Amino acid sequence: MTTPQDLPFTQLFINGEWKPSKSGSTFEVRNPHTGAVSGISASATTEDCREAVDAAYRAFLTWENSDYSVRQNIFLKAAQIVASEKYMHKVQEAIATETAATPDWSFFNWASTQNLLVSAAAMVRELKGEAFPSATGGHVMVQRRPVGVILGIAPWNAPFSLSIRAVMGPIICGNTVILKSSEHSPRTQALVAELFHEAGLPKGVLNFISMSRESSPEVTADIIANPKLRMLNFTGSHRVGRILAQEAGKHLKPCIFELGGKSPTVVLDDADVEQAAKAIVYAAMVNAGQVCMSAERVIVQRDVSEALINAVVQMSKKLTAGNPSTNPLPPLFSQDSAENVISLIRQAVESGAELLLGDVARDGAVVQPHILRGVDKNQPLWRQEAFGPVTTFAVCDTIDEAVELANDSDYTLSAALWTSSLESAMRVAPKIRSGFININGSTFHSERFFGPHGLGGSSGYGDFDVEHFTQKRGLVFHAPGRKYPLVEKVCGK
């Protein structure tokens, strides 16, 4: 029998030291498939978080002036360390234990991070200013300077890679960071602090905190209110994003949000149906649909609709959810999430949608793939992010109708367009309101140097780049002998 003493204990990392909460408070982390406690984590108090902000503030005074080569070398060292077999096993084991991810998804979370870190190291090349003549007759120099102390909040669904993304842009730009983990995956996300510490990042530049779900609202609000904190970035649901935006708005602090998605795939009648079907199933079902770029809506022209729908249904039938060690799809991250997905499907079916695949049931947190056609556009399943293994089909006749349906959403994160015509791609894709549009590819894709990023609404705004993690500051050098009429008129000089 496993006892609390046998379970992994995740501590806070503040000013270069691992430590428990000052109050000794902790919370349990449970595996969503088995329901068993997989670990214990320290639950940070307001006092712990203020200490973390203070440490980051002190470190910023030095780190903002650090040599670019120093920052770059630390990131390249981190990329080398994370590629080791030791980190491969640590990351994959932690993700699987905490989130019940499949081996493929755990591997992807680890494997993608080396390129992320190398790409971040290259961002120092963008930390350049500009110069131009001043209207005063002098000269203007514009510098890119770091913002200051930044709060980064990363989610549980890709806990290692998204935690690295939450901190890498700010740190390489000269900011210091407090990384707040999800209550579902603190051990996995704490590995990011461990990695950078091992790579030689100075103490205080990156601090790690975790806290229970119950204490999070109050403690997070206190962090945001701290005058030493300058901005925050968050990846997660639009519901939490709105709460954070309201808290930040009280203090007029800028935010960068990557929130939800209801990604549309538009399939024109000249598309490669077989390839489109593969991309749709992949994007809709990977990690059981628990990805912000999941293909939740497919809009297809009538001439190829039956062939496409049949291909997607037949492929999806072979993807079973359950034990992540033996099934291609994992359970959802909680039974509440599974119940929400089933509720959305049930409402749509009761309102007339055609159920093409699925049983409208759950087994604990396990939900099997569901495919629907003809979901009413006023139903929550069309309008809200499901975050589960479900996608809907809408059949249309014209390209204009397809674009209208694709844009009939408050989400703007990612999209896909399938066509064999270059002319159609160039003409139609720009009409789809999305920060990232994949031509003849899946919605589940992003580029290291660009996106995806929302265009507002429930997908958020801003991007994790140099532009957003620095500020432009102008230095105006005035020409000698400038005239000051008021003084000279009154004082005669």
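## Helix H11

The expected span of a helix is 1.5 Å times one less than its number of residues. In this predicted model, helix H11 covers residues 302-317, and its 16 residues should therefore span 22 Å. The end C-alpha atoms of H11 are 23 Å apart, which agrees with that expectation.

The buried residues of H11 are Val 304, Ser 305, Leu 308, Ile 309, Ala 311, Val 312, Val 313 and Ser 316. An α-helix has 3.6 residues a turn, so residues three or four places apart point the same way. The cover over the buried residues of H11 includes H10 and the strands E13 (263-267), E14 (295-301), E15 (354-357), E16 (370-373) and E17 (390-396).

## Nonpolar cores

The largest nonpolar core has 89 residues, of which Phe 196, Leu 206 and Leu 308 touch the most other members. Helix H10 (residues 273-285) supplies the largest share of this core, nine residues. Because domain 1 (9-259 + 459-474) and domain 2 (263-439) both give residues to this core, it lies between them.

Leaving aside residues up to four places away in sequence, Phe 196 touches Ile 74, Phe 75, Ala 78, Leu 117, Val 167, Leu 201 and Leu 206. Another core, of 30 residues, lies apart from the largest one; among its members are Leu 381, Ala 406, Ala 415 and Val 428.

## Overall chain

The protein chain has 17 helices and 20 strands, and 56% of its 493 residues count as buried. Among contacts with a separation of 6 or more, 74% join residues 24 or more positions apart. The chain exposes about 20900 Å², with carbon and sulfur atoms supplying 53% of it.

Notes:
Residues are numbered from 1 along each chain as its sequence is written. This is a predicted model: local features need pLDDT of at least 70, side-chain atom pairs count only at pLDDT 80 or more; totals for chains, interfaces and linings use all residues. Side-chain values use heavy atoms; hydrogens and water are left out. A nonpolar core is a set of buried Ala, Val, Leu, Ile, Met, Phe, Trp, Tyr and Cys residues joined through side-chain atoms within 4.5 Å. Buried means under 20% relative accessible area, exposed over 50%, partly exposed in between (1.4 Å probe, protein chains only). Helices (H or I, at least four residues) and strands (E, at least two) are DSSP runs, numbered from the N terminus. Domain bounds come from an automatic or database domain assignment. Contact means heavy atoms within 4.5 Å. Accessible areas come from the Shrake-Rupley method with a 1.4 Å probe; for residues, only the protein chains shown count as cover.
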